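Subject: Structure handover

Hello,

My notes follow below it.

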Amino acid sequence: MAGMLWPLLLPLVLASGAGAQIPRLCATTSALRSKTCCPVWEGDGSVCGEDSGRGTCQEPAGEGQPQLSERDFRKGWPTSLYSQICMCQGRFAGFDCGECKEGYRGARCESWKLSVRPGLHEMDWEAKQRFLDYLERAKTTVSERYVILVTRNTSDVNSYYFHNATVYDICTWVHYVAAKPIKTRDEPNFAHMGPGFVVWHRKYLLFFEKEMRHLTQDEDFVVPYWDWTRSNSCDICTDELMGSNDHSGKLLGTTPLTTW
Ligand SMILES: *[C@@H]1O[C@H](CO)[C@@H](O)[C@H](O)[C@H]1NC(C)=O
Ligand SMILES: *[C@@H]1O[C@H](CO)[C@@H](O)[C@H](O)[C@H]1NC(C)=O
């Protein structure tokens with residue numbers, strides 16, 4: 001992929017507390033108390049789509065264990081919250097195994113489609129407008145799929161509450177949580193300060209695209225890239241695109257982002 005990764009997905013800066021995005025279907029007291037996040041797949045009415053061979057409800061496996069402080073709920077994610085989750089077979093994916101791994105499509109995830117991210121400047125007017133419209137919808141539509149779990153103490157189930165965040169805010173939250181120091185300011189930031197940067201952000205953009213596809217029902221949505229080598233200044237900071245700004249950096253103009 002040429003150019004720079006889409007620069008808009010900036011982390012939210014929040015003062016305190018910990019939390020994580022979790023499937024709305026698992027944001028229940030019973031799911032948290034039983035530490036089980038194994039939703040029924042609507043396609044066949046079975047847990048994790050097991051009757052269709054899509055997945056099974058079991059202990060999470062195969063995740064690496066980065067060295068984090070004991071207090072860090074991200075350690076062995078998602079075991080601090082759930083000891084049983086849907087583990088999907090083959091090309092199946094998602095919290096209920098109802099989806100396909102990236103790139104695969106079809107009722108049985110049998111076909112593969114290459115997605116090519118366009119340069120923002122190469123998109124025609126209509127495609128740019130559609131992209132901005134999708135962003136606006138993502139910023140203003142509460143996610144049906146995920147909620148944000150908020151708590152000051154991840155060991156205390158009684159202190160949990162769930163925030164109905166918009167699709168865009170869920171995505172920025174994922175970024176924020178990955179980069180957040182939990183205990184001290186000098187903890188490693190695995191999403192940014194090391195070789196994980198590219199891999200983590202690649203997966204992150206795929207997550208963003210998936211949530212946007214769910215929201216817009218546009219199966220072919222891909223996030224465009226900004227080729228910043230074209231100009232010495234921010235040539236997407238225009239009223240037509242991400243908004244122009246005044247000398248203090250305040251957004252001007254007619255872009256929907258002005259009201260974000
Ligand atoms: C968090 O909650 C657990 C369980 O209620 C409690 O034992 C622990 O002391 C709490 N930790 C903090 C820092 O409040
Ligand atoms: C979040 O949305 C759900 C579904 O609309 C609703 O039942 C719930 O009360 C909302 N939660 C909060 C904290 O607003």
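Which residues surround ligand 1? They are Asn 153, Ser 155 and Asp 156, where a residue is near a molecule if one of its heavy atoms lies within 4 Å of it. Taken alone, ligand 1 exposes 360 Å², and the protein buries 27% of that. Accessible areas come from the Shrake-Rupley method with a 1.4 Å probe; for residues, only the protein chains shown count as cover.

First, the ground rules. This is a predicted model, so local features need pLDDT of at least 70 and side-chain atom pairs count only at pLDDT 80 or more, while totals for chains, interfaces and linings use all residues. Residues are numbered from 1 along each chain as its sequence is written, chains are lettered from A and ligands numbered from 1 in the order in which they are written, and side-chain values use heavy atoms, with hydrogens and water left out.

Ligand 2

Arg 24, Phe 162 and Asn 164 surround ligand 2. Taken alone, ligand 2 exposes 360 Å², of which the protein buries 24%. A polar side-chain atom of Asn 164 lies 2.4 Å from an oxygen atom of ligand 2.

The chain overall

The chain has four helices and 12 strands. These are DSSP runs, numbered from the N terminus: helices are H or I with at least four residues, strands are E with at least two. Of the 260 residues, 42% count as buried. Buried means under 20% relative accessible area, exposed over 50%, and partly exposed in between (1.4 Å probe, protein chains only). The chain exposes about 14500 Å², and carbon and sulfur atoms supply 54% of it.

Salt bridges

The count comes to 12 salt bridges, each a side-chain nitrogen of Lys or Arg within 4 Å of a carboxyl oxygen of Asp or Glu.

- Glu 209 and Arg 117: the closest N and O atoms are 2.8 Å apart. Glu 209 lies in helix H4 (residues 196–216) and Arg 117 in the loop between S10 and H2, so the pair ties together parts that are 92 residues apart in sequence. Glu 209 is buried at 3%, and Arg 117 is buried at 16%.
- Arg 145 and Glu 211: the N to O distance is 2.8 Å. Arg 145 sits in the loop between H2 and S11 and Glu 211 in helix H4, so this pair ties together parts that are 66 residues apart in sequence. Arg 145 is buried at 13%, and Glu 211 is buried at 4%. A network of salt bridges links Glu 99, Arg 145, Lys 210 and Glu 211.
- Glu 126 and Arg 130: the closest N and O atoms are 3.9 Å apart. Both residues lie in helix H2, four residues apart, about one turn of the helix. Glu 126 is exposed at 54%, and Arg 130 is partly exposed at 39%.

Around Glu 102

Glu 102 lies in the loop between strand S8 (99–100) and strand S9 (104–105). At 36% relative accessibility, Glu 102 counts as partly exposed. Its C-alpha atom is 7.3 Å from that of Leu 206, 104 residues apart along the chain. Leaving aside neighbours within four places in sequence, Glu 102 is in contact with Trp 112, Lys 203 and Leu 206 (contact means heavy atoms within 4.5 Å).

A buried serine

Ser 143 lies in the loop between H2 and strand S11 (146–151). Ser 143 counts as buried, at 3% relative accessibility.

Best regards

Note on methods
A polar contact is a pair of N or O atoms within 3.5 Å; within protein, one must be able to donate a hydrogen and the other to accept it, and residues adjacent in sequence count only if both atoms are side-chain atoms.
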